[in-house]
Amino acid sequence: MNKCHICTQAVFSKEIAVLSYALNTFQRELPSDSIYCQTCLEKKIQSFTTDLDRSKFQFAKSMGEVRNPIEGIDYYFNEQGLFTMTAWYHLRRGKCCTNDCLHCPYKAVLTT
Ligand SMILES: [Zn+2]
């Protein structure tokens with residue numbers, strides 16, 4: 001049984017576990033086999049995307065484009081019920097799609 005490193009809740013999703021391993025391998029704060037539940041992983045990814053640097057762009061891009069978006073991690077529905085991609089999703093795509101997305105992580109980079 002895999003348990004979340006933070007809240008000890010059981011983790012059943014292989015996709016969530018794989019994302020946890022990848023993030024821990026990159027951040028090196030915890031053993032790379034530490035995993036998170038989806039709720040804790042969402043928080044981890046949110047903090048990852050709030051303070052971006054070159055190595056983070058490279059890491060997210062190296063994971064490849066998201067094939068099966070996960071609600072709460074890759075997208076969410078905003079207050080108007082609109083499908084909204086997260087910065088994490090955009091980072092994994094590796095480039096700006098020039099659609100002026102709300103969470104585009106490339107804006108700041110592109111304008112400098
Ligand atoms: Zn947790």
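Predicted model: local features only at pLDDT ≥ 70, side-chain atom pairs only at ≥ 80, totals over all residues.
Residues are numbered from 1 along each chain as its sequence is written.

Let me begin with the overall layout. The protein chain has five helices and two strands, where helices (H or I, at least four residues) and strands (E, at least two) are DSSP runs, numbered from the N terminus. Read from the N terminus on, the order of the elements is α-α-α-β-β-α-α. The radius of gyration, which is taken over C-alpha atoms, is 14 Å for the protein chain, and this is close to the 13 Å that the globule rule gives for 112 residues, so the chain is as compact as a globular protein of that length. The globule rule itself is 2.2 Å times the number of residues to the power 0.38. Along its principal axes, the C-alpha trace spans about 45 × 35 × 20 Å.

How much of the protein chain is buried? Buried residues make up 19% of the 112 residues, and here a residue is buried if 20 or more other C-beta atoms lie within 10 Å of its own, exposed if 12 or fewer, and partly exposed in between, with C-beta atoms placed from the backbone.

Now to helix α1, residues 14-27, which has 14 residues and reaches 20 Å from its first C-alpha to its last, close to the 20 Å expected at 1.5 Å a residue; the expected span is 1.5 Å times one less than the number of residues. Its buried residues are I16, L19, S20 and L23. Seen down the axis of α1, these fall within an arc of 105°, so they line one face of the helix, the arc being that of the directions from the helix axis to the C-beta atoms. On the other side of α1, K14 and V18 are exposed. Just after this helix, R28 takes a positive phi of about 60°.

What covers the buried residues of α1 includes α2, residues 38-50. Which residues of α2 are buried? They are Q38, L41, K44 and I45, and they cover an arc of only 115° around the axis, which puts them on the same side of α2. On the other side, K43, S47 and T50 are exposed. The buried residues of α2 pack against α1 and α4.

That brings us to the core. A nonpolar core is a set of buried Ala, Val, Leu, Ile, Met, Phe, Trp, Tyr and Cys residues joined through C-beta atoms within 7 Å. Of the 15 residues in the largest one, L41 and W88 touch the most other members. The elements giving two or more residues to this core are α1, α2 and α4, and α4 gives the most, with four residues. Leaving aside residues up to four places away in sequence, L41 touches I16, L19, S20, Y36 and I73, where contact means that C-beta atoms, placed from the backbone, lie within 7 Å.

Finally, C96 lies in the loop between α4 (87-93) and α5 (107-110). With 15 C-beta neighbours inside 10 Å, C96 counts as partly exposed. C96 and L41 are 55 residues apart in sequence and 24 Å apart in space, C-alpha to C-alpha.

Conventions. Contact = placed C-beta atoms within 7 Å.
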